[in-house]
Amino acid sequence: MVDNNARIGFPESQIGINFPSVPGFVLKEIIRLRNARDILYSGKPMKASLAKEIGLIDELGSEEEINKILEKYCKQFKTMAMESVIGIKKSLRDYMKPGLTELIKLDTEDLAKAVASENGQEGMRSILEKRRPVFK
């Protein structure tokens with residue numbers, strides 16, 4: 001649930017670092033490969049309305065509207081058995097767990113290498129200095 005005026009993006013490609021494979025996998029599952037690829041390669045923020053259109057977010061609204069939507073969403077759980085809530089949550093995400101431990105380890109190593117690289121350092125400096133990076 002996001003404010004109508006929000007911008008959402010993944011700027012990693014703009015600052016010289018990689019996007020980890022585990023979040024990339026989840027992003028691909030949510031919005032499909034083509035959308036995930038376009039968002040990650042561009043690194044540009046998108047309007048909340050586009051994020052909703054491609055399925056990245058569920059609801060848009062003002063702060064007051066979002067609170068009402070959230071209350072309505074949460075009310076459905078009030079009368080449910082906790083075992084059902086937990087079981088549903090597990091069924092929607094547990095299939096992704098096998099292999100994730102190794103991917104997380106590789107992601108951590110790859111991200112550390114990317115940040116430590118010359119281009120990664122340039123990207124980090126550009127953020128601190130509020131300028132566009134110049135990559136080699």
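Lys-130 sits in the segment after α6, and although Lys-130 is not a glycine, its phi is positive, at about 55°. Most residues other than glycine have a negative phi.

Before I go on, please keep in mind that this is a predicted model, in which local features need pLDDT of at least 70 and side-chain atom pairs count only at pLDDT 80 or more, whereas totals for chains, interfaces and linings use all residues. Residues are numbered from 1 along each chain as its sequence is written, and side-chain values use heavy atoms, with hydrogens and water left out.

Where else is there a positive phi in a residue that is not a glycine? Arg-32 has one, of about 75°, and Arg-32 belongs to helix α1, which covers residues 21-42. With a relative accessibility of 56%, Arg-32 counts as exposed.

Now for the protein as a whole. It has six helices and four strands, where helices (H or I, at least four residues) and strands (E, at least two) are DSSP runs, numbered from the N terminus. Read from the N terminus, the order of the elements is β-β-α-β-α-β-α-α-α-α. The radius of gyration is 18 Å, while a compact globule of 136 residues would have one near 14 Å; this quantity is taken over C-alpha atoms, and the globule rule is 2.2 Å times the number of residues to the power 0.38. Along the principal axes, the C-alpha trace spans about 55 × 40 × 25 Å. Of the 136 residues, 24% count as buried.

Let us turn to how the helices pack. Two packed helices are described by the angle between their axes and the distance between the axes. Here the axes are lines fitted to C-alpha atoms, for helices over the stretch in contact, and angles run from 0 to 180 degrees between N-to-C directions.

Helix α5 (residues 100-116) and helix α6 (residues 118-128) pack at an angle of about 70°, and their axes are 4 Å apart. The two helices are therefore roughly perpendicular to each other, given that angles under 35 degrees count as roughly parallel, over 145 as roughly antiparallel, 65 to 115 as roughly perpendicular and the rest as oblique. On the α5 side, Ala-114, Val-115 and Ala-116 meet Glu-118, Gly-120, Gln-121 and Met-124 of α6, contact meaning heavy atoms within 4.5 Å.

How do α1 and α5 pack? Their angle is about 120°, with the axes 8 Å apart, which makes α1 oblique to α5. Ser-21, Val-22 and Pro-23 of α1 make this contact with Leu-100, Leu-103, Ile-104 and Asp-107 of α5. By class, the contact has five nonpolar, one polar and one charged residues, where Ala, Val, Leu, Ile, Met, Phe, Trp, Tyr, Cys and Pro count as nonpolar, Asp, Glu, Lys and Arg as charged, and the others, Gly among them, as polar.

Leaving aside residues up to four places away in sequence, Ser-126 touches Arg-131, Arg-132 and Pro-133.

Notes: Buried < 20%, exposed > 50% of the residue type's maximum accessible area, 1.4 Å probe, protein only.
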